[in-house]
Every structure is written in C-alpha cells, then in structure tokens.
Amino acid sequence: MGLSASTCPALVLNADYRPLSYFPLSLWSWQDAIKAVFLDRVNILSEYDSVVHSPRLEMRLPSVISLRSYVPVNRRPAFTRFNVFLRDRFRCQYCGRRFATEELTFDHVVPRARGGTTTWQNVVTACTACNTAKGARTPEQCGLTLRSVPKAPDLTELQEAGRHFPPGNLHPSWRDYLNFAGLSEIRSDEDAVDGALAAHTTLRAIQSEAQGRAFPRDMTEGEYWGVQLEDD
Ligand SMILES: [Zn+2]
C-alpha cells in the first residue's frame, strides 16, 4: 500500500466534537488514527475512500475522529511567531496595512537593547519598512503609534481571529466540525480537492508551523492558507 504518513490525516476532535486545536489544526497521521481506533480511545465520525489492508482485515481510513474522553484544552495560546501574526491579523501594527507573511516581522515595542522583553505585551507584527524606520527606538522616539495595545490573547480571541484565515485544502468531511468564516464558499464538491494531495499540503504546512518555523518563505499568507485575503 503506497500511503505515506502525510496522506489522509484524520481531524481530531475532543469529546465535545470541537477540534482539539485550531492553530495548528489538530490532525493525526492515518497510522496514529488507526492505532487510537484499535486502542478504543476514539470514535470514527467520518472516513476517507482510501482503504488499508492487513492480513486479517480491511478498513477505510478515518477522516474525522473524536476522543472518547474529554481532554482539558489549554486556554493560553503558545507565544509563537504565527500566533502573534494571527493576533494582529497579519497587519503591521504601525502603518496598519496587511502584508504577505514574508514581509512581516516581529517588532519589540521597547527594543531589547532598552530592556524590552520578548512577550505578548512587547512584541507586535510590523512590516519591514516600519521595523527598519523604527530601528532600536521606542515608538514615541520616532513618531510611530501602535494601532492597538499588545496583550496576550486568550484562546477564544485567537480562534475568532483565525476564523478569518481558514487553512487551505480542508477535506470536505472536516468542514462540519470546523467553524471557519467563509467556509461555505469553498463547500461545493467541485472545490473539494482530491484528499491525498490536499491533505499532504495542509499537513506539511501544519508540521512546519508546529516545529516553530516561519511560513515557507516563498508563500504569501494567502497562499499558505489557501484563501485570498481582502483588505477591509
Ligand atoms: Zn508598517
């Protein structure tokens, strides 16, 4: 069977049928999903057409599974580059414009050289131009104003921000369990991309995020998430 680990991942829901995590989206490899099925830890809610065989049985790969016992969710999102961009909705907090991810940077509001910390309260999304113009000065020293006071988001706030940036290539069977804004527009079967390749792309992106790396350098955030971002 020619299935690699990254094809046909299963969307993992908590026992309350909500995704275990939105950012990154909780996906397990088909091998982990099947293991969990046999350990009786999950229920299968939806399946792929793809089938795996063993000498004794044949089963369709699960596309959506839910945990049998509820796992408490960490309400405090991790402080990562991605989550800072998401909190700021991919907008430079000085000029207010939205940029492709590779043009966005992390800015220490109070520069590190002046004792600024690398925390939710002191790090904002900034475009390269504003970041360069600001240099090692405080916003006041160079006449820049922050669009909002940076603070640690709670999970609900981050999810609300993230609803506007659904990841690309969601498998159709996942959509009933996800609450992304504008999802209905990509709901039709014609738009439903073939599971394996699509899932692979999504998983690769998620894995690279999970490993704490920046977005792929050659992608805009729109391409990354598979949606066209509109300026509002
Ligand atoms: Zn800017």
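Tutor: Let us start from a loop: Asp40 sits between helix H1 and strand E3, where helices (H or I, at least four residues) and strands (E, at least two) are DSSP runs, numbered from the N terminus. Residues are numbered from 1 along each chain as its sequence is written. The model is a predicted one, in which local features need pLDDT of at least 70 and side-chain atom pairs count only at pLDDT 80 or more, while totals for chains, interfaces and linings use all residues.

Asp40 has a positive phi of about 65 degrees although it is not a glycine. Most residues other than glycine have a negative phi. Asp40 is exposed, with 8 other C-beta atoms within 10 Å. Cys8, however, is buried, with 27 other C-beta atoms within 10 Å.

We now turn to the helix that Asp40 follows. The buried residues of H1 are Trp30, Ala33, Ile34 and Ala36. Seen down the axis of H1, they fall within an arc of 160 degrees (taken from the directions from the helix axis to the C-beta atoms), so they line one face of the helix. An α-helix has 3.6 residues a turn, so residues three or four places apart point the same way. The buried residues of H1 pack against E1, strand E2 (27–28), E3 and E4.

This packing leads to the nonpolar core, a set of buried Ala, Val, Leu, Ile, Met, Phe, Trp, Tyr and Cys residues joined through C-beta atoms within 7 Å. The largest such core has 19 residues, and those touching the most other members include Trp30 and Ala33, as well as Val64. At least two residues of this core come from each of strand E1 (10–13), helix H1 (30–38), strand E3 (42–53) and strand E4 (58–67). Apart from this core lies another, of 15 residues, with Leu86 and Phe90 among them.

For the setting as a whole, the chain has six helices and six strands, in the order β-β-α-β-β-α-β-β-α-α-α-α. Buried residues make up 30% of its 232 residues.

Key
A residue is buried if 20 or more other C-beta atoms lie within 10 Å of its own, exposed if 12 or fewer, and partly exposed in between; C-beta atoms are placed from the backbone. Two residues are in contact if their C-beta atoms, placed from the backbone, lie within 7 Å.
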